[in-house]
Amino acid sequence: MSDSESATQTYHSYHELRVWQKAVELNQLVLKSLEELPTVTRNLLGEHLVRACASIPAHIANGYASRSKTDYIDNLKSSLRQLSVVESIVLTQGTEGEFYQSVAVLLTELRKMLAGLTSSL
């Protein structure tokens with residue numbers, strides 16, 4: 001199967017969506033990686049980063065549960081916007097550190113998956 005979910009495939013729960021699973025994986029990785037950031041940075045950016053990360057799988061789940069394709073697409077677009085927030089915060093910490101390296105691959109993969117699912121609907 002490709003990086004995106006198939007619009008024709010039947011899922012019984014949003015838990016089965018690979019894009020939701022990747023979003024949860026990103027959330028967990030960011031939470032774990034926050035410990036590596038300097039205390040001042042963690043205190044200033046941590047809460048915003050955690051909220052943005054947590055909202056990505058939440059929007060996917062909300063969209064999946066909606067009764068309309070338009071609502072689903074709008075929620076996926078919200079996930080993409082929040083992913084951009086996460087990426088922006090991560091990039092402010094530089095691209096050389098372990099923090100960036102640990103999440104960069106997931107950010108790229110998740111962006112492709114969200115865009116693919118959105119366009120398939």
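What follows is a walk through the salt bridges of this structure.

The model is predicted. A search of the whole structure gives four salt bridges.

Start with Glu109 and Lys22. These two form a salt bridge, with the closest N and O atoms 3.5 Å apart. The pair links distant parts of the chain: Glu109 sits in helix H4 (residues 98-120), Lys22 in helix H1 (residues 18-33), and 87 residues separate them. Glu109 has 24% relative accessibility, so this residue counts as partly exposed. Lys22 has 21% and therefore also counts as partly exposed; the cut-off for buried is under 20%.

Next comes a pair within one helix. Arg51 and Glu47 meet through their side chains in a salt bridge, at 2.8 Å from N to O. Both belong to helix H2 (residues 39-65); because they are four residues apart there, about one helical turn separates them. Arg51 is exposed, and Glu47 is exposed too.

Now turn to Arg111 and Glu87. Their side chains form a salt bridge with an N to O distance of 2.7 Å. Arg111 lies in helix H4 and Glu87 in helix H3 (residues 69-92), so the contact ties together parts that are 24 residues apart in sequence. Arg111 has a relative accessible area of 27%, which means it is partly exposed. Glu87, at 26%, is partly exposed as well.

One network remains. Lys22, Glu25 and Glu109 are joined by salt bridges that share partners.

Methods
Residues are numbered from 1 along each chain as its sequence is written. This is a predicted model: local features need pLDDT of at least 70, side-chain atom pairs count only at pLDDT 80 or more; totals for chains, interfaces and linings use all residues. Side-chain values use heavy atoms; hydrogens and water are left out. Helices (H or I, at least four residues) and strands (E, at least two) are DSSP runs, numbered from the N terminus. Buried means under 20% relative accessible area, exposed over 50%, partly exposed in between (1.4 Å probe, protein chains only).
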